[in-house]
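Subject: Structure handover

Hi,

Here is the structure I promised to pass on.

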Amino acid sequence: WSYLTFARITKDLLNKTAIDRYEPAYLVAVGNLTENMPLHTIPHFLRLIFPKRKRRISRVNVAEFLAIFCKNGIESTSVQWNSVRKITRERARDLMADDETERL
């Protein structure tokens, strides 16, 4: 199979709508914010982030998520909420700054 045959989600992982869904989705998928999310839970988590997505969540999509949110990238065996929170907060600040710039 070709890497290009899969629908990529990288650009959607850090948009405003997705960022607003991360914490509630993590709580549903894992149960609390202190436990790590195991790899096998990530597809369910991503379906919670993208409820209207018609295509299935692939291994490539999971790898995209790991590359953004885990310091070990696709080599990671679990995801920590602190890593997700850090990246989403940084992105939210960037989005707010972009909004301010557009208003000027």
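A quick word on burial before anything else: buried means under 20% relative accessible area, exposed means over 50%, and partly exposed is what falls in between, using a 1.4 Å probe and protein chains only. Please keep in mind that this is a predicted model, so local features need pLDDT of at least 70 and side-chain atom pairs count only at pLDDT 80 or more, while totals for chains, interfaces and linings use all residues. Residues are numbered from 1 along each chain as its sequence is written, and side-chain values use heavy atoms, with hydrogens and water left out.

Now the overall layout. The chain has 5 helices and 2 strands, where helices (H or I, at least four residues) and strands (E, at least two) are DSSP runs, numbered from the N terminus. Reading from the N terminus, the order is α-α-β-α-α-β-α. Of the 104 residues in the chain, 35% are buried.

Let me start with α2. This helix covers residues 16–30, and its 15 residues should span 21 Å at 1.5 Å a residue; the end C-alpha atoms are 22 Å apart, which agrees. (The expected span is 1.5 Å times one less than the number of residues.) There is a kink of about 40° at tyrosine 22, shortly before proline 24. The bend at a residue is the angle between axes fitted to the seven residues ending there and the seven starting there. Tyr22 is also one of the buried residues of α2, along with Ala18, Ile19, Ala25, Tyr26, Ala29 and Val30.

Both ends of α2 have something to look at. At its start, a side-chain oxygen of asparagine 15 comes within 3.2 Å of the backbone nitrogen of threonine 17. After the helix comes glycine 31, with a positive phi near 110°.

Next, the loop between α3 (42–49) and α4 (59–69), which is where serine 58 sits. Serine 58 counts as buried because its relative accessibility is 3%. Its side chain reaches the backbone nitrogen of valine 60 at 3.3 Å, and this happens at the start of α4, through a side-chain oxygen of serine 58. For polar contacts I use a pair of N or O atoms within 3.5 Å; within protein, one must be able to donate a hydrogen and the other to accept it, and residues adjacent in sequence count only if both atoms are side-chain atoms.

Arginine 56 is in the loop between α3 and α4 too, but at 61% relative accessibility it counts as exposed.

On to α4 itself. Its buried residues are Val60, Asn61, Val62, Glu64, Phe65, Leu66 and Phe69. Which of them carries a charge and still comes out at a relative accessible area of 4%? That is glutamate 64. The side chain of glutamate 64 makes a polar contact with the side chain of asparagine 61 at 3.0 Å. Glutamate 64 also lies 6.0 Å from threonine 10, C-alpha to C-alpha, although they are 54 residues apart in sequence.

Phenylalanine 69, in helix α4 as well, is buried at 2% relative accessibility. Lysine 86 is 17 residues from phenylalanine 69 in sequence and 8.7 Å from it in space, C-alpha to C-alpha.

In helix α5, have a look at asparagine 82. With 47% relative accessibility, asparagine 82 counts as partly exposed. The C-alpha atoms of asparagine 82 and cysteine 70 are 10.0 Å apart, with 12 residues separating them along the chain.

The largest pocket holds about 220 Å³ of space. Its lining has 13 residues, and Lys71, Asn72, Ser76, Ser78 and Gln80 lie nearest the centre. On a 1 Å grid over the protein atoms alone, a pocket is an open set of points where a 1.4 Å probe fits, with protein on both sides within 12 Å along at least five of seven lines, and lining residues have an atom within 4 Å of a point. The lining divides into 3 nonpolar, 8 polar and 2 charged residues.

Cheers

Conventions: Grid points are joined across faces, edges and corners, and a volume is the space filled by probe spheres set on the points. Ala, Val, Leu, Ile, Met, Phe, Trp, Tyr, Cys and Pro count as nonpolar, Asp, Glu, Lys and Arg as charged, and the others, Gly among them, as polar.
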